[in-house]
Amino acid sequence: MNQNMVNQKLRAVVVGGGFGGMQAAQSLSKMGLDTLLIDRNNYNTFVPLLYQVAAGQIEPAKIAYPLRTIIRRSKNLRFLMDEVRHINFSDQLIETTDAVIPYNFLVLATGSQTRYLGVPGADQHAFSMRNLNEAIAIRNHILSCVEQANCETDERLRQQLLTFVIVGGGATGVELAGTLVELKRVFKKDYPDLDVRQVRIILVQSHNTLLGDLPPALGRYALRKLIRIGVKVRLESRVSEVTPTSVRLESGERISSATVIWTAGLEAARPSVSDNLKTASKGKLVVHPTLQLEHHPNVYVIGDLAYVKDLDPPLTGVAPEALQQGVAVARNIKRQMQCRIPKPFNYFNKGRLAIIGCYSGVGKIGPVLLTGFLPWLMWLLVHLVYLPGFRSRLLVLASWFHSYLLGDRTVRLILNHTHSSRLPLTKSSENIVQDSH
């Protein structure tokens with residue numbers, strides 16, 4: 001593609017096909033505005049269920065929704081699978097790998113990426129879980145570790161293979177720890193000669209409580225529940241180093257483990273731009289309450305990339321926030337086209353839920369705190385509703401029935417695996433695959 005091939009009637013460009021970007025593109029196209037959605041992938045990933053892909057509970061394709069399915073519904077919406085290299089605000093041009101694209105309005109929704117907090121070895125040896133490829137790599141690695149442990153005669157190496165360390169006690173870390181406990185029960189069926197009591201799941205959290213975005217009472221409940229189901233939780237423990245075979249804590253303790261999964265932090269995935277923009281914590285771009293970028297009224301920033309000034313309480317980066325921002329941006333662009341003043345974004349908080357595993361969860365709906373089976377069930381239903389695509393909902397529901405009612409996991413394939421007689425592949429040498437069966 002070259003610039004001459006770009007539709008000169010193009011008015012709005014949305015960069016990023018996540019929750020916020022997809023919603024913004026749909027809302028803009030419904031207004032009759034010519035809209036282009038750009039993303040490096042041709043699908044939207046339902047990030048809240050990535051941990052279930054990593055634990056072999058559901059297939060990757062079930063949480064990936066083709067973006068071109070969206071554009072079928074509107075003649076005003078087009079999709080370009082490409083990588084954005086640079087954005088020139090002065091000339092209102094977006095440079096991609098294969099094109100130079102002009103815009104009148106721009107929505108940046110490039111999301112977030114893993115933040116390793118400067119811990120030596122973390123980016124080389126710890127597994128991140130921000131996309132499908134990474135989730136599949138974790139699944140391959142965990143299953144490889146158990147396969148090798150089943151044949152390992154050296155007790156020290158076997159324990160190393162069967163120790164899984166999760167760094168970060170937020171919702172993702174808690175959810176992953178719980179589902180690994182459930183997977184451990186499947187190992188008992190698959191490996192009758194393996195003593196699954198040697199499987200250790202260790203959750204390392206730097207703060208003195210879990211689930212920091214929820215009330216402390218819910219964090220304490222999650223802690224008690226995880227300990228009860230067999231997770232070893234290390235509160236107020238910071239990681240100082242990650243190696244291919246261990247995790248070192250600031251206290252000096254070293255945990256021997258072949259698997260470290262990093263869920264401890266995120267930072268904004270900022271695109272390259274022509275201006276020196278004002279940033280906030282985690283590299284987020286500072287925007288006005290209207291979600292407009294400072295000094296650039298025709299550029300909007302949403303989702304994990306945006307830090308909204310004067311918003312109390314601050315946003316926490318969950319999917320409902322990005323979805324509502326996508327709608328708000330489209331409405332503000334419409335107001336601008338009508339020569340009206342954009343309105344500040346107001347987030348309607350419907351509540352927060354987190355799943356712990358083993359039929360237990362926590363939640364806060366208004367002032368009401370929920371624990372146990374009810375929030376666990378509510379979490380499943382809410383995420384089933386938000387999951388794009390009717391077919392995907394049916395398939396995920398079927399997987400959940402199989403997993404929770406029969407206590408089994410259907411997706412236990414090790415793909416593109418290179419055998420090692422002693423230790424499994426580290427992150428740096430793992431063969432990443434695009435999809436499963």
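Predicted model: local features only at pLDDT ≥ 70, side-chain atom pairs only at ≥ 80, totals over all residues.

User: What makes E14 and E15 a pair of strands?

Analyst: Strands are DSSP runs of at least two residues, helices are runs of H or I with at least four, and both are numbered from the N terminus. Two strands pair if DSSP finds at least two bridges between them. E14 and strand E15 (residues 246–249) have four bridges in the antiparallel sense, so they meet that definition.

User: Why are E14 and E16 said to stand at the edges?

Analyst: The open sheet has three strands in the order E14-E15-E16, with antiparallel pairing. E14 and strand E16 (254–256) each have a single partner strand, so one side of each is left without a neighbour in the sheet. From one strand to the next the twist averages 15°.

User: How do you know whether Ser-237 is buried or exposed?

Analyst: Buried means under 20% relative accessible area, exposed over 50%, and partly exposed in between, with a 1.4 Å probe and protein chains only. The relative accessible area of Ser-237 is 14%, so this residue is buried. Ser-237 is found in the loop between strand E13 (232–234) and strand E14 (239–243). Contact means heavy atoms within 4.5 Å, and, leaving aside neighbours within four places in sequence, Ser-237 is in contact with Val-204, Gln-205, Ser-206 and Leu-249.

User: What is the expected span of H8, and how does its reach compare?

Analyst: The expected span is 1.5 Å times one less than the number of residues. Helix H8 (residues 216–229) has 14 residues and reaches 20 Å from its first C-alpha to its last, close to the 20 Å expected.

User: Why are the buried residues of H8 said to line one face?

Analyst: The buried residues are Leu-218, Gly-219, Tyr-221, Ala-222, Lys-225, Leu-226 and Ile-229. Seen down the axis of H8, they fall within an arc of 160°, so they line one face of the helix; the arc is that of the directions from the helix axis to the C-beta atoms. The face turned away from this buried side carries the exposed residues Pro-216 and Arg-228. What covers the buried residues of H8 includes H7, strand E12 (200–204), E13, strand E24 (361–365) and strand E25 (368–372). Following H8 is Gly-230, whose phi is positive, near 110°.

User: What can be said in the same way about the buried residues of H11?

Analyst: Those of H11 are Ser-392, Val-396, Ser-399, Trp-400, Ser-403 and Tyr-404. Seen down the axis of H11, they fall within an arc of 110°, so they too line one face. An α-helix has 3.6 residues a turn, so residues three or four places apart point the same way. On the face of H11 turned away from its buried side are the exposed residues Phe-390, Arg-391, Leu-405 and Leu-406. The buried residues of H11 pack against helix H2 (50–54), helix H7 (171–190), strand E23 (352–355) and helix H10 (373–386).

How values were computed:
Residues numbered from 1 in each chain as written. Heavy atoms only, no water. Axes fitted to C-alpha atoms, helices over the stretch in contact; angles between N-to-C directions.
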